[in-house]
Amino acid sequence: TQLAVGVSKPYTYILGGGNSMDQKKIGRFLKELRKEKDITQEQLAEKIKVSGRTVSRWETGVSQTKRY
């Protein structure tokens, strides 16, 4: 499996419409790919131009959509 590095924030799009179970599943998958490449969350974040906190939220399945 390859980790797409340099792709313009596709993960944000994927997480935007999913439910929390989908987000957690995708997050586990992203973490697995990142670890296979032996890179930190910060290193991945730098490569795809997002914050380390964003990568952390993706991996834990925390929604970035504000619910009012």
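Trainee: Why does Lys 49 count as exposed?

Mentor: Lys 49 has 66% relative accessibility. Exposed means over 50% relative accessible area, buried means under 20%, and partly exposed is in between, with a 1.4 Å probe and protein chains only. Since 66% is over 50%, Lys 49 is exposed. Before we go on, this is a predicted model, in which local features need pLDDT of at least 70, side-chain atom pairs count only at pLDDT 80 or more, and totals for chains, interfaces and linings use all residues. Residues are numbered from 1 along each chain as its sequence is written, and side-chain values use heavy atoms, leaving out hydrogens and water.

Trainee: Where does Lys 49 lie?

Mentor: Lys 49 is in the loop between helix 3 and helix 4. Here helices are DSSP runs of H or I with at least four residues, strands are runs of E with at least two, and both are numbered from the N terminus. Lys 49 also has a positive phi of about 60°, although it is not a glycine.

Trainee: And what about the phi of Asp 38?

Mentor: Asp 38 is not a glycine either, and its phi is positive, at about 55°. Asp 38 sits in the loop between helix 2 (20-36) and helix 3. Its relative accessible area is 69%, so Asp 38 is exposed.

Trainee: How many helices and strands does the chain have?

Mentor: There are four helices and zero strands, and the pattern along the sequence reads α-α-α-α. Of the 68 residues in the chain, 28% are buried.

Trainee: What makes helix 3 and helix 4 roughly perpendicular?

Mentor: The axes of helix 3 (residues 41-48) and helix 4 cross at roughly 110° and come within 8 Å. Axes are lines fitted to C-alpha atoms, for helices over the stretch in contact, and angles run from 0 to 180 degrees between N-to-C directions. Angles under 35 degrees count as roughly parallel, over 145 as roughly antiparallel, 65 to 115 as roughly perpendicular and the rest as oblique. That is why helix 3 and helix 4 are called roughly perpendicular.

Trainee: Is the crossing of helix 3 and helix 4 left-handed or right-handed?

Mentor: The crossing is right-handed. That label is for a near helix turned clockwise from the far one by less than a right angle, while left-handed is for anticlockwise.

Trainee: Which residues make the contact?

Mentor: Helix 3 brings Gln 41, Glu 42, Leu 44, Ala 45 and Ile 48, and helix 4 brings Gly 52, Val 55, Ser 56, Trp 58 and Glu 59. Contact means heavy atoms within 4.5 Å. Five of these residues are nonpolar, three polar and two charged. Ala, Val, Leu, Ile, Met, Phe, Trp, Tyr, Cys and Pro count as nonpolar, Asp, Glu, Lys and Arg as charged, and the others, Gly among them, as polar.

Trainee: How do you know that Val 55 and Ala 45 are buried?

Mentor: Relative accessibility is 0% for Val 55, so Val 55 counts as buried. Ala 45 has 1%, so Ala 45 is buried too. Leaving out residues up to four places away in sequence, Val 55 touches Gln 41, Leu 44, Ala 45 and Val 50.

Trainee: What makes the pairing of Glu 59 and Arg 34 a polar contact?

Mentor: Their side chains are joined at 2.5 Å. A polar contact is a pair of N or O atoms within 3.5 Å; within protein, one must be able to donate a hydrogen and the other to accept it, and residues adjacent in sequence count only if both atoms are side-chain atoms. The 2.5 Å value is therefore inside the limit. Glu 59 lies in helix 4 (residues 52-60) and has a relative accessible area of 9%, so Glu 59 is buried.

Trainee: How is Lys 24 classed, buried, partly exposed or exposed?

Mentor: Lys 24, in helix 2, has a relative accessible area of 41%, so Lys 24 is partly exposed. The C-alpha atoms of Lys 24 and Gly 61 are separated by 4.2 Å, although the two are 37 residues apart along the chain.
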